[in-house]
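Please read it with the structure open beside the text.

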Amino acid sequence: MNENIVREKTVCFTGHRTEKLPQGDGLVLLRKRLANEIERALQDGYDTFLFGGAYGFDLMAAEEVLKKKTLIELQNPRQIRLIAVIPFEEQAARFSVADHELYYEIMPKCDEVITLNTHYHNQCYAQRNQYMVDHSNRVICCWNRQSVSGTAQTVRMAERQNLEIINLL
């Protein structure tokens, strides 16, 4: 268990890849809901945010946390940590050019990057999802309720641990 992560103050994100996310106005609304839920989590005392580094919702969530980190409120200073939990070192190798660039723009801005495996293996994504759930108290997800997906798997893991789950869809 990572000693730097206090579960009771940690939120993790899980959600679909870009091709399963809403488009146009729906995507704008999703991003707004996400920003509002991150702010609510901060107000509720959460200060650490875990994301899995996948393109789509994961990177969107990381971008929104980074926006919150750049807003300095002198009357209400707050420490916000963003931690990437990466299933294997070369995760971004097959991303589109735009997603690859976004990934490598976000990673240096993280407070910590936890890489669980050197190379891909068939359970590395499930291992990443379990790690995030095991270290979180709340899950903010973008899940279309399809039963066969990594997001569905993560939500089921969170349900088994009785975590608070907020679905933005």
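1. A salt bridge is taken here as a side-chain nitrogen of Lys or Arg within 4 Å of a carboxyl oxygen of Asp or Glu. The model is a predicted one, in which local features need pLDDT of at least 70 and side-chain atom pairs count only at pLDDT 80 or more, while totals for chains, interfaces and linings use all residues. Residues are numbered from 1 along each chain as its sequence is written, and side-chain values use heavy atoms, with hydrogens and water left out.

2. The structure holds 11 salt bridges, and D44 takes part in one with R40, where the closest N and O atoms lie 3.7 Å apart. D44 also forms a salt bridge with R138, with 2.8 Å between the closest N and O atoms. This second pair links distant parts of the chain, since D44 sits in the loop between α1 and β2 (48-51) and R138 in strand β5 (residues 138-142), 94 residues apart; helices (H or I, at least four residues) and strands (E, at least two) are DSSP runs, numbered from the N terminus.

3. How do these partners differ in exposure? With buried meaning under 20% relative accessible area, exposed over 50% and partly exposed in between (1.4 Å probe, protein chains only), D44 is partly exposed at 42% and R40 is partly exposed at 32%, whereas R138 is buried at 4%. E37, R40, D44, R138 and E164 are linked in a network of salt bridges.

4. A further salt bridge joins the side chains of R31 and E64 (2.8 Å, N to O). R31 belongs to helix α1 (residues 25-43) and E64 to helix α2, so the pair ties together parts that are 33 residues apart in sequence. R31 is partly exposed, with a relative accessible area of 26%, but E64 is buried at 5%.

5. Helix α2 (residues 57-70) packs against helix α3 (residues 97-106) at an angle of about 40°, their axes being 11 Å apart; axes are lines fitted to C-alpha atoms, for helices over the stretch in contact, and angles run from 0 to 180 degrees between N-to-C directions. That makes α2 oblique to α3, where angles under 35 degrees count as roughly parallel, over 145 as roughly antiparallel, 65 to 115 as roughly perpendicular and the rest as oblique. In this packing, L59, A62, E63 and L66 of α2 meet D99, L102, Y103 and I106 of α3, contact meaning heavy atoms within 4.5 Å.

6. P77 is placed in the loop between α2 and β3 (81-86), and P77 is exposed, with a relative accessible area of 63%.
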